[in-house]
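Thanks for coming, everyone. Please have the sequence and the model open. I will keep this short.

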Amino acid sequence: MILKKIIHNCKAAQESGIRLQAGSKIGIKAWLAMQIHLITCKCCRMFLRQSKLIDKAIEKHKDNLAQPSRHKFTEAEKNLIKQRLGDR
């Protein structure tokens, strides 16, 4: 069946969607397959929506992310973190 050949799986649909969100171009066949997949897959629609929100948040706060942290851990805090990580 022709439809089965063009329908993406989740991984391919998410990759195509992310490429589009990043500003890259995809072919018409990949775009159509992604659109058909997104009609039927709620998880992929949600994934792409969340990916877009994350990209916007990173863009909004990228200046803050580039600066080194002003917080310095005390020796007691460092030891507590090491202890808690060791308990896993």
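First, one definition: when I say contact, I mean heavy atoms within 4.5 Å. And one caution: this is a predicted model.

Let me start with Met34. Met34 sits in helix α3. Leave out residues up to four places away in sequence, and Met34 touches His8, Ala13, Ser16, Gly17 and Leu20. Is Met34 buried or exposed? Buried, because its relative accessible area is 3%, and the cut-off for buried is under 20%. Gln67 is 33 residues from Met34, and their C-alpha atoms are separated by 38 Å.

Next, His37. His37 is also a residue of helix α3. Its relative accessibility is 7%, so His37 counts as buried. What does His37 contact, leaving aside its neighbours within four places in sequence? The list is His8, Asn9, Cys10, Ala13 and Cys44.

Two packed helices are described by the angle between their axes and the distance between the axes. Here the pair is α2, residues 10–21, and α3. Their axes come within 9 Å, and they cross at roughly 115°. The crossing of α2 and α3 is left-handed. Who makes the contact? From α2, we have Cys10, Ala13, Ser16, Gly17 and Leu20. From α3, we have Ala30, Trp31, Met34 and His37.

Trp31 lies in helix α3. Trp31 has a relative accessible area of 38%, so it is partly exposed. Trp31 is also part of a nonpolar surface patch. The patch is made by Leu20, Ile28, Trp31 and Leu32, and its area is about 390 Å². Which helix gives the largest share of the nonpolar patch? Helix α3, residues 28–40, with three residues. Keep an eye on Leu20 and Trp31.

On to helix α4, residues 42–66. Ser51 lies there. Ser51 is buried, because its relative accessibility is 13%. Skip its neighbours within four places in sequence, and Ser51 is in contact with Ile18 and Gln21.

Last topic: charges. How many salt bridges does a search of the whole structure find? Two.

Here is one of them. Glu59 pairs with Lys62, and the closest N and O atoms are 3.0 Å apart. Glu59 and Lys62 are three residues apart in helix α4, so about one helical turn separates them. Lys62 is partly exposed, because its relative accessibility is 44%.

Here is the other. Lys78 pairs with Glu75, and the closest N and O atoms are 3.5 Å apart. Both lie in helix α5, residues 75–86, three residues apart, about one turn of the helix. Lys78 is partly exposed, because its relative accessible area is 35%. Glu75 has 53% relative accessibility, so Glu75 counts as exposed.

That is my tour. Over to you.

Definitions and conventions:
Residues are numbered from 1 along each chain as its sequence is written. This is a predicted model: local features need pLDDT of at least 70, side-chain atom pairs count only at pLDDT 80 or more; totals for chains, interfaces and linings use all residues. Side-chain values use heavy atoms; hydrogens and water are left out. Patches are made of residues with over 30% relative accessible area and no salt bridge: like charges are joined within 9 Å, nonpolar side chains (Val, Leu, Ile, Met, Phe, Trp, Tyr) within 5 Å. Accessible areas come from the Shrake-Rupley method with a 1.4 Å probe; for residues, only the protein chains shown count as cover. A salt bridge is a side-chain nitrogen of Lys or Arg within 4 Å of a carboxyl oxygen of Asp or Glu. Helices (H or I, at least four residues) and strands (E, at least two) are DSSP runs, numbered from the N terminus. Buried means under 20% relative accessible area, exposed over 50%, partly exposed in between (1.4 Å probe, protein chains only). Axes are lines fitted to C-alpha atoms, for helices over the stretch in contact, and angles run from 0 to 180 degrees between N-to-C directions. A crossing is left-handed if the near helix is turned anticlockwise from the far one by less than a right angle, and right-handed if clockwise.
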